[in-house]
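Thank you all for coming this morning. I would like to walk you slowly through one chain, beginning with the whole and then moving to a few places inside it.

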Amino acid sequence: MQYTAPMSSKRSDVLILGGGVNGLSCALALLRAGVSVRVVEQGTTGSGASHGNCGTLTPSHAIPLSVPGMPWQALRWMAKRDAPLYVNPRPDPERWRWLLGFARRCNARAAHHAALARCAILQRSRALLRQWLLEEGIECDYAQRGTLHVYRDARVLASDRAHAEWLQRLGIATEMLDADAVLEREPALKPGAVGGIAHPDDAQLRPDRLVAGLARRVRERGGAIEEHARIEGFARDGRRVAAVRTQRGDFSGEHVVLALGAWSPRVAGHLDLRLPMQPGKGYSITTSRPDVCPRTALVLREAGVCVTAWDSGFRLGSTMEFSGYDATLNRTRLDALRRGAQACLRTPFGGETREEWWGWRPMCVDEGPLIGPSASRHDNLLLATGHGMLGVSMRGATGELVA
């Protein structure tokens, strides 16, 4: 593709819908290839799931949630509002249709297929990340310190050994640790761990700083970012998306990339396109650094809590809540994060609470992202969405594939 429009106009080679980490990564990859780009963001860049996630880069999360036995586990957790995975039992035909589709995919063959695809994207993204950060001059507290999954229940550890062996077959570095090795590696933990699984190739960063850096480089390379441009509809010309109608006027491009995260299904509905996705609400608490701070990112396995420490702060996060587009902060979920940290960490959080956050993750029914053309209905529409809990981890390969 060649540059076809001055960026002072409302037309560009590629129009990207969504200013989160993947929309901006697609924009930067295209600009690096010499293509004119405009990003249309409904709020502000990085204001969705890109803002408050744990900032871990985890090829170790290649295995999907959709493994055999998960539907029964979800049913057992349904009565517990503070469970690591919670499905709201309130009637919602769209959510229950998605859950049934998810349950049908909870078999060994589908999980293996999803793991292969996720692993390829995660490994390629990891390889691209450091290159991009150096070449684009983006500072975001990046550090490859690995992650450590900590277990306090021997039965859960024994069950997860099969997953660790699966990851090793996929080529993802995995190390089994006994209780003494876990405490020696991470003095911030309380006694009581029965063992751990370490993934040395994982890394971490500050997601808000990554997004700010990506947005800065998109603008510096000549791209345009239109914020507060809520999408109201589309104009079509046969099998092409001719224009995107927003509160700030119409925008158009030779190609249109849909990278709206959890909002993708609702916006795609204006194009008669049905995406098999549901919003999965995650939570996080950001505080100042505690006095005894973990050396590496942790997953407190039984509590389902992720712990990330940066020089500039400390975050507890994770959990998964399927409650549709419910835009309320469920304090029960935040309390569960705190309890999980208190059970396992010597100093569970810092003295200053800086933010309590929730955000919707774009959960695809088969646990694989939707990346590529939507040629069945629209010749110039591409998808870059459905990354679930791995948006930051998959951003590099997503941008490369779209470009």
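The chain holds 11 helices and 19 strands, where helices (H or I, at least four residues) and strands (E, at least two) are DSSP runs, numbered from the N terminus. Please keep in mind that this is a predicted model, in which local features need pLDDT of at least 70 and side-chain atom pairs count only at pLDDT 80 or more, while totals for chains, interfaces and linings use all residues. Residues are numbered from 1 along each chain as its sequence is written, and side-chain values use heavy atoms, with hydrogens and water left out.

Let me start with the overall dimensions. Taken along the principal axes, the C-alpha atoms fill a box of roughly 65 × 45 × 40 Å. For 403 residues, a compact globule would have a radius of gyration near 22 Å, and the chain, with 21 Å, agrees with that; the radius is taken over C-alpha atoms, and the globule rule is 2.2 Å times the number of residues to the power 0.38.

The chain exposes about 16600 Å², of which carbon and sulfur atoms supply 50%, the areas coming from the Shrake-Rupley method with a 1.4 Å probe, and for residues only the protein chains shown count as cover. Of the 403 residues, 58% count as buried, and here buried means under 20% relative accessible area, exposed means over 50%, and partly exposed is in between, with a 1.4 Å probe and protein chains only. Among the contacts with a separation of 6 or more, 76% are accounted for by residues 24 or more positions apart, a contact being heavy atoms within 4.5 Å.

Now to one pair of helices. How do the axes of H5 and H11 cross? The axes of H5, residues 108-136, and H11, residues 391-402, come within 6 Å and cross at roughly 90 degrees; these axes are lines fitted to C-alpha atoms, for helices over the stretch in contact, and the angles run from 0 to 180 degrees between N-to-C directions. H5 and H11 are therefore roughly perpendicular to each other, on a scale where angles under 35 degrees count as roughly parallel, over 145 as roughly antiparallel, 65 to 115 as roughly perpendicular and the rest as oblique.

On the H5 side, the residues making this contact include Arg118, Leu122, Leu129 and Trp132, and on the H11 side they include Met394, Arg395 and Glu400. The residues of the contact divide into 7 nonpolar, 3 polar and 4 charged, where Ala, Val, Leu, Ile, Met, Phe, Trp, Tyr, Cys and Pro count as nonpolar, Asp, Glu, Lys and Arg as charged, and the others, Gly among them, as polar. H11 itself is mostly covered, with 10 of its 12 residues buried, among them Met394, Arg395 and Val402.

Next, a few individual positions. Leu24, in helix H1, residues 21-32, is buried with a relative accessible area of 0%, and beyond its neighbours within four places in sequence, its contacts include Thr45, Val211, Leu214 and Ile225.

Asn330 is found in the loop between strand S16 and helix H10 and is buried at 9%, and, not counting residues up to four places away in sequence, Asn330 touches Arg81, Tyr283 and Glu321.

Finally, the backbone. Most residues other than glycine have a negative phi. Ser318 is found in strand S16 and, at 23% relative accessibility, counts as partly exposed. Gly304, in the loop between strands S14 and S15, touches Ser318, together with Pro84, Gly317 and Thr319, and Gly304 counts as buried at 15%. Glu367 also has a positive phi, of about 65 degrees, although it is not a glycine; Glu367 lies in the loop between strands S17 and S18 and is buried, with a relative accessible area of 7%.
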